[in-house]
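Dear colleague,

Please find below the structure for your review. My notes on it follow directly after.

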Amino acid sequence: MTPQVQAFWIFVAMACLVAGFFLWVARSTRQAHEVNQDAARRLRRNFFYSLTGLLVIVLALTLRHMPYPVPTERPERIIFVVGKQFAFGISSRPIADDADWEAATYSAPVQIPTGAMVEFRVSSFDVNHGFAVYSPSGELLGQVQAMPGYVNRLRMRFRRPGIYHVFCLEFCGMDHYRMRGLFFVVPRTNTQSHTRSLLAGTGE
Amino acid sequence: MPLPVAGDGLWQEGEARAFRRLTLAWMGTMMFLFSTMLLLGYFMRLFQANAFRTMRPEWFYAVLTLHGLGMVATWFVGGMAATGYLLTRYSRPSIWISRLALAGTLVGAGLLAAATLFGLFGTGWYFLYPLPFYSSGVWPPWATGCFFGALALLFSVWTIWVLDLLRAIASRFPLRQALGWHVLSGRPSLGVPSFVLVATVSLIAGAAGLAAGMVLLGLWAVEWLRSGYSNDALLMKNLTFFFGHIITNITMYLGVGVVYELLPGYAGRPWKLSKALAWAWNTVLLLVVLAYAHHLYMDFAQPRVLQDTGQIVSYFLSVPAAVVSIFGGLALVYAAPMRWTLASWLFFLGLMGWAIGGVGAVIDSTVALNSRFHNTLWVPAHFHTYYLMGVVLMLLGFAHHLAVDLTGEPERPAMRHAILALLAIGGYGFLLAFYWAGAHSVPRRFAAYPRELSQGVAAARVAVVFIALIVIAVALYLWETARRCWRAFSA
Amino acid sequence: MTTARPMLGSVVALAMACLLAAACPASAQDSLGQPANTPPDETSFIFRRVPDITITPIEGSPVTLSALGRSSPLVITFIYTRCGGVCSPFLESLAAAARQTGGLGSAYRILVLSFDSRDTLADLRAAARAHGLAADQGWIFGAASSPDIARLARATGFWFAWHWSSGQYDHPSLLIAVDQGRIVRMLAGATIPPSRFREITDELRGKFVPSYPAQNRRVAFRCFRYTPGGGIQIGWGFLVLLAPGALAISSALWIFARSRGSAS
Ligand code: HEM
Ligand SMILES: [Cu+2]
């Protein structure tokens with residue numbers, strides 16, 4: 001189950017809990033009676049502590065899993081991405097101008113070896129776009145904004161070989177929903193030379 | 001007893017009547033705009049279900065923009081009008097400023113409709129910089145001008161309105177009391193209603209949001225009028241979400257304030273200004289201006305501290321809401337001699353929608369998950385929960401309360417049951433389709449879904465059925481409430 | 001808080017300075033590359049390999065660039081000792097920036113190469129001494145053969161053009177950060193602000209700078225910039241962001257102070 005779907009079920013469970021509680025309270029009005037104010041206050045205090053505690057725990061667990069790159073890691077591949085109405089140019093060469101971008105959108109898709117840490121350097125030539133990577137089975141894996149005037153760096157690793165689609169996740173105009181890109185993740189062979197030749201594919 | 005109460009020194013009979021009629025006009029506007037925007041929402045979901053295969057996507061995006069801004073505006077003014085009305089118990093909000101706001105809102109809404117429906121202006125409701133300048137040939141410059149003109153008009157009249165309500169509060173309560181600080185330092189509540197505290201917090205935050213909107217418009221104008229000058233996209237994004245988040249967030253709070261004031265009357269118990277309540281809302285005032293940072297998690301250019309702050313603040317904003325307002329509302333109702341009417345049910349269900357939307361929001365505000373939820377349908381899912389099943393219900397409850405109050409016509413239980421059941425089933429069904437699609441990676445703001453994301457079409461088809469139930473529920477509601485409002489208005 | 005604009009301006013200024021400076025004793029000189037009034041665009045060169053040229057440093061025996069780069073990442077820059085214009089103030093500002101940001105000699109070294117074939121090692125030694133850098137382990141002054149200089153210049157977008165009228169070279173001032181044989185960042189400008197230099201050294205230390213402003217945009221009111229301290233500097237834009245909150249609070253205070261609620 002993907003993290004999203006897990007979160008969905010957690011959400012459904014909690015929503016049911018909340019709804020059940022509300023309905024229980026609504027039913028309680030069938031027999032009105034005085035409520036012990038102290039008990040209510042105690043209950044609220046306990047609720048406060050348990051909710052705060054829960055949030056602190058979840059914070060502690062999740063703040064460590066930020067998608068932002070860790071300084072000590074160095075990427076194995078750098079991929080340049082530029083969004084422009086209405087396509088993504090994705091290339092292992094820097095994309096400096098419209099001609100580079102055009103070339104990147106028409107040339108063969110970039111290939112990334114499995115397990116390699118890639119750094120996407122993402123920018124935009126016009127409006128904000130969203131660079132979102134989808135797995136071959138259509139699962140959203142991660143994203144970063146493509147913002148004019150900035151280069152945002154997103155680091156990812158791909159385990160499964162296949163065709164990875166890129167969709168635009170920041171609204172950018174009439175063909176926003178058709179704006180896309182793609183790259184391949186290919187198995188990393190155990191022969192060193194192949195790996196090296198794949199890695200050397202950048203730059204020159 | 002209908003407000004404003006004439007003869008207690010604050011209001012004269014003529015003024016009181018004028019204020020009532022004005023509030024009814026506001027409620028009529030709110031219901032009219034709501035039902036139109038609702039149909040536009042229906043149109044969009046049908047579009048996403050591939051019901052209009054030959055229609056150009058420009059239409060979807062123009063409607064998206066109008067629906068989004070229209071709804072945000074509708075419920076903001078609805079909340080403001082209800083707050084102003086309830087404030088007449090304690091002080092004198094200006095009738096003329098409220099009238100000015102009504103006129104400005106109507107003209108602004110008209111201009112927005114023109115820009116989007118005639119000009120096909122389609123940037124989404126938060127017109128993210130610099131999209132309005134890159135129309136790719138879809139909308140002409142006059143539409144951009146019309147759109148920004150409308151915003152300038154709306155922001156101006158709303159700012160005046162917000163400041164006037166603050167002035168009205170200030171004329172009766174010193175700031176210390178309006179913010180409940182005297183309770184914090186251990187003194188009795190001195191008759192300050194908790195509603196006033198909620199309203200004060202919302203209005204101050206609202207003023208900040210509107211000011212951000214004005215600054216934003218200023219930067220837009222400078223770039224538009226002076227060539228060679230360019231804005232910082234990151235700054236513009238920060239300002240946009242500062243404005244957008246606060247306006248939508250305080251709309252929720254305005255609705256909650258209404259519930260604080262009116263639900264006790266149905267429960268037969270007071271909702272007193274306690275120490276916890278004062279703590280909670282002061283915390284909200286402090287945090288609400290920072291929470292917007294969670295809209296920029298996917299902007300890696302934003303300093304890391306702001307990202308961490310975003311998550312921490314978003315998490316802890318839920319504590320006062322849950323522990324004080326929602327728990328407080330439940331404690332108020334629990335085993336109370338409750339008078340269940342359409343209005344009180346709508347208040348109660350509105351609190352429930354707020355709580356459920358909050359769960360969805362906290363999940364999304366976790367940065368680690370936001371990587372996979374940002375700008376998917378999960379986002380509209382949670383804010384539609386806040387809105388449609390939260391503040392919308394609260395304010396529809398208010399309108400109904402008002403209508404019954406002013407006409408004295410009793411409501412029909414059968415209608416009440418039908419409306420509530422259809423709203424709850426239709427609403428949560430519609431929302432669940434959003435959540436499910438978001439969890440299955442379907443992006444928001446897609447006019448049509450590519451083959452790889454065909455689950456989006458499936459979700460839209462399911463949603464369409466549930467929206468039909470909402471439409472029926474709203475039609476029944478209007479039959480019950482709008483008619484009464486009209487009768488009260490023309491009486 | 002502009003970035004691109006002063007840099008463009010300063011490069012043009014430096015070209016002018018080189019042109020107008022007092023003439024040096026000159027012989028026929030060569031030129032290389034296409035003069036342009038914009039600096040080389042970093043994005044066109046980033047992550048490319050630099051050619052493995054041979055360098056003759058002022059101390060020690062000739063060494064290849066790859067051998068030099070093995071012990072630490074390098075920041076490469078081009079000068080010529082007879083420059084009557086920008087080279088000297090440029091080196092001063094670079095030295096100042098390096099002092100402020102720290103790490104020179106340990107995290108990286110600066111390689112100052114002469115592109116003028118007339119420059120002898122003695123000339124370079126004198127230049128290093130003049131700037132008080134001759135004994136500094138972090139600085140390497142050196143020369144290379146003309147073909148090698150040409151190869152390196154082509155790989156980095158550097159150019160120079162001889163002007164007979166002034167007897168000076170016209171050339172941009174450029175910093176090229178090289179790690180493991182690849183260009184990781186480039187920076188152009190007649191002077192080097194410590195904040196921008198910090199971005200380079202951070203990159204060389206493997207420290208992550210989450211974004212950097214792309215070139216060729218004129219932007220007013222930037223929100224944030226990276227400071228020599230490694231932190232984030234608040235720009236005017238950030239104040240713009242704080243304004244709404246301040247405005248709201250002060251107007252609320254004013255409203256309440258004005259009417260002094262007739263407390264109930
Ligand atoms: C039954 C009622 C409603 C329906 C059927 C509906 C439907 C929709 C749909 C289909 C979208 C586009 C989702 C997407 O991004 O793909 C949308 C967006 C939106 N809706 Fe609604 N909606 C309803 C009620 C509301 C309410 C009550 C509000 C209150 C503020 C609201 C505010 C918005 C906003 C702000 C957007 C985002 C617009 C944008 O992305 O620019 N909606 N709605
Ligand atoms: Cu896009």
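Five helices of chain B, namely H1 (13-48), H2 (57-87), H13 (378-407), H14 (413-439) and H15 (455-490), each supply at least two residues of the shell around ligand 1. Please bear in mind throughout that this is a predicted model.

The ligand is surrounded by 26 residues, of which the closest are Gln48(B), His67(B), Trp125(B), His384(B) and Arg445(B). By residue class, the shell around ligand 1 comprises 17 nonpolar, 6 polar and 3 charged residues.

Several polar atoms of chain B may interest you for the ligand. A polar backbone atom of Trp125(B) is 2.7 Å from an oxygen atom of ligand 1. For His384(B), a polar side-chain atom lies 2.7 Å from a nitrogen atom of ligand 1.

Over all chains, a search of the whole structure finds 0 disulfides. Cys83(C) is accordingly in no disulfide, and the nearest cysteine sulfur, that of Cys87(C), is 3.4 Å away.

Is Cys83(C) buried or exposed? With a relative accessible area of 12%, Cys83(C) is buried, because the cut-off for that class is under 20%. Cys172(A) also counts as buried, at 0% relative accessibility.

Yours sincerely

Technical notes:
Residues are numbered from 1 along each chain as its sequence is written. Chains are lettered from A and ligands numbered from 1 in the order in which they are written. This is a predicted model: local features need pLDDT of at least 70, side-chain atom pairs count only at pLDDT 80 or more; totals for chains, interfaces and linings use all residues. Side-chain values use heavy atoms; hydrogens and water are left out. A residue is near a molecule or strand if one of its heavy atoms lies within 4 Å of it. A polar contact is a pair of N or O atoms within 3.5 Å; within protein, one must be able to donate a hydrogen and the other to accept it, and residues adjacent in sequence count only if both atoms are side-chain atoms. Helices (H or I, at least four residues) and strands (E, at least two) are DSSP runs, numbered from the N terminus. Ala, Val, Leu, Ile, Met, Phe, Trp, Tyr, Cys and Pro count as nonpolar, Asp, Glu, Lys and Arg as charged, and the others, Gly among them, as polar. A disulfide is a pair of cysteine sulfur atoms within 2.5 Å. Buried means under 20% relative accessible area, exposed over 50%, partly exposed in between (1.4 Å probe, protein chains only).
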